Amino acid sequence: MNEDVNGIIIMDLIELSGVNNKLGRFFGPIGRPVMDLINNLGAAAIFFFFACVNIFHRNQAREIIAQVFYIGAKSTGIVVLVSLFTGMVLGLQLYYTLIRFGSEGVLGSAIALSLVRELGPVLTAIVITARAGSAMAAEMGILRISEQIDALYTMRIDPIRYLISPRIAASMISFPFLTAFFDLVGIIGGYLTGVLLLGVNASSYFYRVNYSLEMVDVRGGFIKSFVFAIVVSTICCYQGYFCHMRSDSHGAKSVSLATTSAVVISCVLILIADYVVTSFIM
């Protein structure tokens, strides 16, 4: 009797182990990338924490100003160009949509709200990611593979304080200002298309812009731009700083892959963060 019971238990254990092996083969390829993603997000959060702590260290002002010039001032031209044509396209598309309902008079409201609430912060962040974020990732990667970061450790200089903190602080300053430029120039672009080309009344256009925009809309746009600044600067610096730990490459190739990953991940997280922030401020 005991032998029969033991045999049944052994057979059950064998069947259970077979099921576990099948489940492991099925969920293994899914679980490993998810665990790697969680680990990287946690490491990036710790990386950002140490960078923020060192922002207020003495003698940081000069480097922060230099990074504001590079990230903010030098990105103004491309931001203005993109915002101008974004506003012009919005004016063209919205005019022909609103005229079907006889509501072309609210063109100013539609353009202003679209830019200030949504398109301004998102497109500004994506443009800065493409220009300055990729440069940050590549620069950190080159410093890493050329062992200059290790040299800073040797000289007892904290690389995060010296390299990362000024860039994150400069991004927090630059993103809201560039978002404001984007919104302003985009509204002017909508004016060029709607008023000068399509004949919408100029007074009505600016009255609608002024009437529809409220401080809560402007504040929400600035909150988004501040969150995007944290996301972009942290991800780009993190990818470049730890490019030597990549398992898929090494040397110069790791820098190129880290730069590509930084831009792609930043753009994806911008859209995810946009949805999360919008759900909280609406």
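Analyst: Let us begin with a classification: Ala, Val, Leu, Ile, Met, Phe, Trp, Tyr, Cys and Pro count as nonpolar, Asp, Glu, Lys and Arg as charged, and the others, Gly among them, as polar. In this predicted model, the lining of the largest pocket divides into 11 nonpolar, four polar and two charged residues.

User: What is the volume of the largest pocket, and which residues are closest to its centre?

Analyst: The volume of the largest pocket is about 470 Å³. Of its 17 lining residues, Asn 40, Tyr 238, Gln 239, Arg 246 and Ile 265 are the closest to the centre. Helix H1 (2-53), helix H8 (215-241) and helix H9 (252-281) each give two or more residues to this lining.

User: How many residues line the second largest pocket, and which element gives the largest share?

Analyst: This pocket holds about 250 Å³ of space. It is lined by 13 residues, with Val 216, Asp 217, Gly 220, Ile 281 and Met 282 nearest its centre. Helix H4 (107-145), H8 and H9 each supply two or more lining residues, and the largest share, seven residues, comes from H8. By class, the lining comprises four nonpolar, three polar and six charged residues.

User: Which residues is Ser 165 in contact with, leaving aside its neighbours within four places in sequence?

Analyst: With those neighbours set aside, Ser 165 contacts Phe 50, Ala 51, Asn 54, Ile 55, Gln 60 and Ile 160.

How values were computed. Residues are numbered from 1 along each chain as its sequence is written. This is a predicted model: local features need pLDDT of at least 70, side-chain atom pairs count only at pLDDT 80 or more; totals for chains, interfaces and linings use all residues. Side-chain values use heavy atoms; hydrogens and water are left out. Contact means heavy atoms within 4.5 Å. On a 1 Å grid over the protein atoms alone, a cavity is a set of points where a 1.4 Å probe fits but cannot get out, and a pocket is an open set with protein on both sides within 12 Å along at least five of seven lines; lining residues have an atom within 4 Å of a point. Grid points are joined across faces, edges and corners, and a volume is the space filled by probe spheres set on the points. Helices (H or I, at least four residues) and strands (E, at least two) are DSSP runs, numbered from the N terminus.
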